[in-house]
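Hi,

Here is the structure I promised to pass on. Have a look at it first, and my notes on what turned up follow below.

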Amino acid sequence: MAKSCDDNEERPVNTSDWTSDRLSTDLEFKPVDQGPPRYANSTDRPVDHFAVVDDFGELTGYLWICDADDAAGFERRLASHEQNASFFWHRKLRAAKSRGLSPAQAAEELLADPGDRLYGHLLPESRATAAGLTELKDLAAADWSPPQPPPAPPGHRPDPPITDEQRKEAAARGGWLYRTAEGHATDSRVLPHTVEGAWQVDATGTPLRFWHNPRYGTTPAPTPAEPVPAGPVLPLGAGRRPAGRALLDWLEDERAPRHCRVAGSPGSGRTHLLSWLAASCPPNNPRTGRRVHALLPVEGLTVDSATWLLAHRLGLPARTPTDLLEALQDGVPRTLAVTDLDRAGGGLLPGMPERIAAELLVPLLQVPWLRLLVESTSGTAAAAVLTEAAPTTAVLDLDDPRWTDRDAFAAWHARQGTANTADLHPGRTLRAAAGLDPAAPATVRTREPAESRLHTVPNALRPAIRALAAAGWPLTEAEWSSLTGRGADRTAPAGQPPQPAPVTGERADADTGTAPVDHAAAVAALAASLPAATGTPDRADAVGLRGLILRHAVHAGLADRFLTDPHFLVHADPLAVTTALEHAHTTGTVPRTLAEAWHLAGPVVLATDDPSERAAALHAWLAGHDQQTADTCRTLSARTWRAHWSYGRGDVRVHAAAPGHGPLRSLLAVAVDHAVRFVEPETGRTAATAGPVRLPARHITGLAVGDDAGVFVLDPAGTITAVPAGNPGLPSLVAAAAPAHTSPGHPSHGLTALAYLDGPGGPALATAGGDGTAAWTHVSDRIAWHAPDHPLHHGAVTAVDLDEADGGILLVTGGADGTVRTWMYGRPPMSDPIDARDHPVTAVAVSNTPQGILIASAWADGLVRLRRWGVAPATADLRLGLPARSVTVTPVGVVCLALPEGVLGLTLD
C-alpha cells in the first residue's frame, strides 16, 4: 500500500476538466473525401430481405438488398433488446462493398457468415420481398410500442420547476428556498404537511437538489377532544415564574413567531431560564406542543463544534451546517434552545458569536417546521444578525419588570443571606431598588473592576475567587486542586482557602476584569497532575483537566505542544480541542493535515467518550498524509484494520462509488460534485489513464461501471442513464439488459439499487426494488433473471452487490428495515440476516478475497461493519464520519468507503 496521495495536491479534484482553446475558436468547414465505398442506404424499388436471429432465438432485424440501385442496409427490429446489431451488420456491408461485391453477392456471402451470438446471423429460408423500405420498416416495427418510463420507487415525486428569479432568491437566502401550499408562508409557523419541500442551490443559484418533504400532503393527527396533560414543570425561583410562563405560552402558541430571543443584562438568569425550560419540556413530553428537542450551550464553542454537538443531541448525522440542514429536511417539528451565544469562542475567538449566528442559526431559521429559542444580549453583533434574518422575532427581555414577580424575588433574595444585589438582581427595576444604576448598559456593567466587586468578600476567600476567575468556567474538585497546586488527593489546611495560580503580567483580563494570570504557570500546575502517557487507563477527571490545560495553553502560546500530541488529543475534551485548533489555525502553529483530520472526524470524536474510537477515526483521515501521526493513532486505537489513504478530504462532495470493469478494471469510479472521476484503489491517487465523466445530475442513488467502460447512473426516479466513458460509439451491454429489470422481481415498485460484476463467469447485473425484491442476470442472457421466491426485505432494498462464490453468484442486499441478507440462486434464502440493526442500510459490498469472503455493510447512523469468513475470519466495526454512501471491496480485499466528505481506503488485518 502506498503511504501518500500527493497527486491530490497536484491535481485538485474540484477544478474544471472541460476547458479547451477549441471552445473559443471559430468553426471552420473543410471539404473532405467521401470516405470508404458503401452501398446506397435508400431506394424506391422493392427490396429483398433476410431475417437476422441471435443465438437465443430472438429476431434482431432484417438485412435488405436492392441490386438495381446498388443499395443495401440493415433495419433493426424495434422490439429487440439488442441495441448494437445495426452497427455490426453495416460494418459487414461496408467490408463487402470495399471488395467490389454487388448487394446480391454480399448477401450470398453473409448467408454463410456465422455472424455473432448477440447480433445474430441470416436465416436462408427467411428470404422475402417487400414492396419498398416503408413496408420493411413497418415489419421491423411490429410488436413494438414506444418505451415507457420505468416505474418509480414508492413515495417518489417529481421535482417541481424552479425559475431564474427563484434561483436568485434561494442563493440570497443562503442556498435554500421552501415551497409551501397556497396560502401559507414560511416566515411564520406552518404545519409540516403544507410544505412541499425545498430547493437547495449553490452560491451561483445552480440547483443542486429538491428535498421533498415526506410529510407533505399527509393528513395531520387529529386534535384530541380533551387537552393532553403536560408533564410536570420544575420549580422556577428568583421571581422568574412570569418569564417561565411566557416561554411556555410561546411554545404552544401556533400564532407566535418561530424565533424567540431571550435578552437581559448579565446575571439576569437567561441561561438558567432556558435550561429550566429544556428540563421541564423534554422531547418525550406527553403534550407535543411543550417539547424542547435539544439544548445547545455554545459557550466556548465554534461553528464546527456547535454543529457537531447539536447534531449529536438531535441524533442526526452532520459535520457542517449544510449537512445539518439536509438532515433536518425530514418534516419533523423540532424546538431548539441555544444558550450563552455571547460567550461562544470562549474569549479566544472574538467574532465567533456572530459567526455562529450567521453560519448556523440563520440557516436553521429558514426550516419552516423548526422553532428556535436563542439567548443573546440586545445590541450585540450576533443579535443584529438574528434580527436581520428574522425581523418578526419575539424578544423576551429579562430586564423588563413584567417578567419578574417582585414579591417572589424579594423573598428569594432574602433567603440568600447577603446584602449585595449587584450580581443577583434579575432586572433593571429591582436593580434601581438596590441603589444601582438601572440605565447602565450591559456592556459597561460586565466590565466593572473586579476589586469593586470583591470588597464584600472576606479577605481569606479572595485568592480562591481569583483562581476561579483565572479558569473562567466551572471546575471539578480535581481541577480545582490541580489549579491551586494542592494536588488531586490533598486538601488545604484547616481554616485556609486554596491558593490561586500565580498572577503576573501587565494587563487585566477583558472578560473577568481580574488581575492578569500567569497562564504558563497554570499550564505547568495542571500538566503535572495528568497521568503519564503509558497506555494505562486514563483517570476519570483527566478529560476535564486537559480541556483546562488547553484553555490556559492558548493564552500562554503553548497550545501547539499539546495539539500535536495524539495521546493528548484523543483523551481531551473534544470541544476544547476544536476551539484551540481553530485559534491555532490563525497562527499556523498546528500542521494543516492534523487540523483537517480532526474536523473530518469531528462528529465521531464528539459522539464518543472512548479515546480508542477517537484515535481510530483520526488514523483513518491521517493515513497517507501524516503517516507518523497516523501510525501513532492506530496504536492508540488497537484496531484490527489499517487505513491507507483518503481521497477528497472535505474538498468535494462524494455521491457514490463503484468498482471499474473492462478497461477500467483496476480503478475505482467516484461520483464527486458534478463528475465521475477514477481513482487507484491501492493508492487513492487520481488515475492518469482515465479522464472524468460529467454527471447528468448531482443527486444520484446508484452508480455502476460496465465491462466496456460505460458509466451508469441511477436516479431517484428509478431511471438508469448511460454515460459513455470509453468509446461513445459502443453502447454498453448494461443498457441492453437494464430494461428487463422489471420482469422478475419488481414490476411496479421501481428500481432502488444496482450493481455490476465482470467476473470469470461473464458480466452480471443485479438490481433491487422498492418492494424488498432483488434479482440478478448474466448480461448475455438478458431475459434469464434469477430472484428469490419471496422478498428479502420489509420495505425497499437500499443496497445490493454480487460476486462469484462457491460455484455460483452470491447476492448481498441491505434494506430500509436495517437488515443485511445473502442469497444464492438454487438455494433458499437464509432464515436469519447476517446483520440486523435499527437503522436503514446505506451500502453493502461483497468480494471473494484470498483471505475469504468479505462483506462490508453500512448503516444510516454512520456504523460500518466488516465481516470476513474463510481462512482468516474477522469482524470489525468502524465509525469514521458521516454515513457511507457506497462501499466497494476489491478482489485483494481493499475496502473503499465513500463518505460524503471523502473516500477512505483500508484493509482488515
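Let me start with one side chain: Thr 819 makes a polar contact with the side chain of Asp 817, at 2.9 Å. By polar contact I mean a pair of N or O atoms within 3.5 Å; within protein, one must be able to donate a hydrogen and the other to accept it, and residues adjacent in sequence count only if both atoms are side-chain atoms.

Before going further, some housekeeping. This is a predicted model, where local features need pLDDT of at least 70, side-chain atom pairs count only at pLDDT 80 or more, and totals for chains, interfaces and linings use all residues. Residues are numbered from 1 along each chain as its sequence is written, and side-chain values use heavy atoms, with hydrogens and water left out.

Back to Thr 819, which sits in strand β27 (residues 819-824). Helices (H or I, at least four residues) and strands (E, at least two) are DSSP runs, numbered from the N terminus. The side chain of Thr 819 also has a 2.9 Å polar contact with that of His 793. Thr 819 counts as buried, at 10% relative accessibility; buried is under 20% relative accessible area, exposed over 50%, and partly exposed in between (1.4 Å probe, protein chains only).

α22 runs over residues 574-587, and its 14 residues reach 20 Å from first C-alpha to last, close to the 20 Å expected at 1.5 Å a residue (the expected span is 1.5 Å times one less than the number of residues). Since 10 of the 14 residues are buried, α22 is largely enclosed by the rest of the structure; among the buried ones are Pro 574, Val 577 and Leu 581. At its start, a side-chain oxygen of Asp 573 comes to within 3.2 Å of the backbone nitrogen of Leu 575. After α22 comes Gly 588, with a positive phi near 70 degrees.

Helices α6 (residues 241-252) and α7 (residues 270-280) pack at about 50 degrees, with axes 11 Å apart. Axes are lines fitted to C-alpha atoms, for helices over the stretch in contact, and angles run from 0 to 180 degrees between N-to-C directions. So α6 and α7 are oblique to each other: under 35 degrees counts as roughly parallel, over 145 as roughly antiparallel, 65 to 115 as roughly perpendicular, and the rest as oblique.

In the other pair, the axes of α23 (residues 592-600) and α25 (residues 611-622) come within 9 Å and cross at roughly 125 degrees. That makes α23 oblique to α25 as well. Thr 593, Leu 594, Ala 597, Trp 598 and Leu 600 of α23 meet Leu 618, Trp 621 and Leu 622 of α25, contact meaning heavy atoms within 4.5 Å.

Arg 649 touches residues of this pair, including Thr 593, Ala 597, Trp 621 and Leu 622. Arg 649 lies in the loop between β14 (641-647) and β15 (654-659) and is buried, with a relative accessible area of 9%. A polar atom of its side chain is 2.2 Å from the backbone oxygen of Trp 621.

Most residues other than glycine have a negative phi. Asp 340, in the loop between β11 (334-339) and α10 (352-366), has a positive phi near 55 degrees. Asp 673, in the loop between β16 (668-672) and β17 (675-679), has a positive phi near 50 degrees.

Cheers

Note on methods:
Lists of a residue's contacts leave out its neighbours within four places in sequence.
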